[in-house]
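Subject: Handover of a structure and findings

Dear colleague,

Please find below the structure that I am handing over to you.

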Amino acid sequence: MTVNEKELRNEPNAPVVNIEFVNDLSRLLMKDKGSVLVQEKLPVIFLNERFLIVDKPANLRIDWPNPHKPRAGEVIPVSEEPPVHIEREVNVSDLLQTNFPELFPNKHPYLVHQLDYATSGILCFALNKPAARDVSKLFDRRLTKKTYLALVQGHWDDNSVLSHPFVSRDAKSGWFYIDLAIGKNRERRIAMTVDPSEADILKESQTRVKPLMKGYLKHATRVPVTLVKLKPFTGRTHQLRVHLRSIDHSIVGDLLYEEPIIDPFPGRLMLHAYKLRLPFPNDHSIVLNTKNPFEEWLEPTDPTIESIQ
């Protein structure tokens, strides 16, 4: 960890510890029988007396939901039958409690923000209630600064992207601004929509995006792809995935929104929470970075790449 007068920074290539675990990807890969077991690591990239922060792998749950707890508005009928056993999937919370029992003796980690199951990258846990309260305020007031990396289908073309009426050039050189409202898809409940006919459920959503490098996917299909950097202003469900699909650059491996679907499935959604800045007003800011996980997937047409910092 690097410390100066104003900031605490992690060392992306030197995690505090790597938690090794076995993940079963049979559900993701839609296998009806048998398991698809993969040996993985959960790097802890920052740890102090207030926070534990990890670089979550793709296809890993944050927590395990209680299958017998009703959702909002749901009524569970009383039954005398014993509850059906549901095998617990591996998840970040369980891994942290198992490997850091001294930090979580009688409680779950305090999760202060969300990351989709399919998305990899920075995930922050607080170690006590005051820390959870302080960092939650930053997220609620949109004071945190989050940066994502994504590998998207197609070679980026400025004019093509700007042909969409909801896209404009950003004030900062090289960046583009997407202003497109998003809402729940009434017909496909697990997905989101930008359909203007659903205006009553759409919420304003803004994303900044910058193309970094063009190339080809290291995959049997060798489709053209572009590495992009993203900074969301709002935090709508699936916002980055929907905004990129709306400019005809869907994220590689996105089983909900990708078009066309890459077959065979590359094994993950190519979206990564790459950088997070937590600007605490009365203390050091925490600035976290991870490694770019998509280098191994991208065969660049130009070997030079602009800094992704």
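In what follows, strands are DSSP runs of E of at least two residues, and they are numbered from the N terminus. By that numbering, strand 15 makes the greatest contribution to the lining of the largest cavity, namely three residues. Please note that the model is predicted.

Overall composition

The chain contains four helices and 17 strands. Of its 309 residues, 46% are buried. Among contacts in the chain with a separation of 6 or more, 64% are between residues 24 or more positions apart. The accessible surface of the chain is about 17000 Å², and carbon and sulfur atoms hold 50% of that area.

The cavity

The search returned one cavity of 30 Å³ or more. For the largest cavity, the computed volume is about 40 Å³. Its lining consists of His 113, Ile 122, Lys 146, Tyr 148, Ala 273, Lys 275 and Leu 276. At least two of the lining residues come from strand 8 (145–153), and at least two from strand 15 (271–278). Sorted by class, the lining of the largest cavity comprises four nonpolar residues, one polar residue and two charged residues.

The second largest pocket

Strand 4 and strand 5 each contribute at least two residues to the lining of the second largest pocket. Strand 4 has the largest share of that lining, with five residues. In terms of class, the lining of this pocket holds eleven nonpolar, eight polar and eight charged residues.

Helix 1

Which residues of helix 1 are buried? Within this helix, which covers residues 92–99, they are Val 92, Ser 93, Asp 94, Leu 95 and Leu 96. These buried residues pack against four strands: strand 3 (17–24), strand 4 (37–47), strand 5 (51–56) and strand 7 (120–126). At the start of helix 1, Asn 91 places a side-chain oxygen within 3.2 Å of the backbone nitrogen of Ser 93.

Yours sincerely

Terms used: Residues numbered from 1 in each chain as written. Predicted model: local features only at pLDDT ≥ 70, side-chain atom pairs only at ≥ 80, totals over all residues. Heavy atoms only, no water. Buried < 20%, exposed > 50% of the residue type's maximum accessible area, 1.4 Å probe, protein only. Contact = heavy atoms within 4.5 Å. Polar contact = N/O pair within 3.5 Å; in protein donor to acceptor, adjacent residues only side chain to side chain. 1 Å grid on protein atoms, 1.4 Å probe; cavity = no way out; pocket = protein on both sides within 12 Å on 5 of 7 lines; lining within 4 Å. Points joined across faces, edges and corners; volume = space filled by probe spheres on them. Nonpolar A, V, L, I, M, F, W, Y, C, P; charged D, E, K, R; others polar. Areas by Shrake-Rupley, 256 points an atom, 1.4 Å probe, with all protein chains shown as cover.
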